[in-house]
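Visitor: I am new to this structure. Please show it to me, and then I will ask how the terms are applied.

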Amino acid sequence: MLPGYTFNRRFMEQMMGVKERLAEATAVAPARAPFRRRLLDALRLAASVAGLAANYLRLRSKTAAFQQRLEDALRTRGPALPALPPDRLVAAFQGSRTALADPLGRPLGQ
């Protein structure tokens, strides 16, 4: 299930702190794994690396966009929050929650 597992099984097991290793007969070593399985594993690993690289390259712009959205959402409009009646406080909270929804439209906390 992990990309690259057939290539670096021992390292991953050590990294995860596995005390008892999977029996060699059960695990398929990279040299003995069928070509198709190794190819699929290599493609999944390449896709994971490409996704990480793409996210790294977009990190600054995504961070700046999030900070701007946060500043816009937290900027108070109208009377100070402590002076608002409960129903207006709830409406202000819901408005902030909507403003901070992720680009896919999911509200915070979901």
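Guide: In the protein chain, 43% of the contacts with a separation of 6 or more join residues 24 or more positions apart; a contact means heavy atoms within 4.5 Å. This is a predicted model, in which local features need pLDDT of at least 70, side-chain atom pairs count only at pLDDT 80 or more, and totals for chains, interfaces and linings use all residues. Residues are numbered from 1 along each chain as its sequence is written, and side-chain values use heavy atoms, without hydrogens and water.

Visitor: What is the mean pLDDT of the protein chain?

Guide: The mean is 78, and 74% of the residues reach 70 or more; pLDDT is the predictor's confidence in each residue, from 0 to 100.

Visitor: How many helices and strands does the protein chain have?

Guide: There are three helices and zero strands, counted as DSSP runs numbered from the N terminus (helices: H or I, at least four residues; strands: E, at least two). Along the sequence the pattern reads α-α-α.

Visitor: Why does Val18 count as partly exposed?

Guide: Val18 has 36% relative accessibility, so it counts as partly exposed: buried means under 20% relative accessible area, exposed over 50%, and partly exposed lies in between (1.4 Å probe, protein chains only). Val18 sits in the loop between helix H1 (5–15) and helix H2 (35–74).

Visitor: What share of the protein chain do buried residues make up?

Guide: Buried residues are 12% of the 110 residues.
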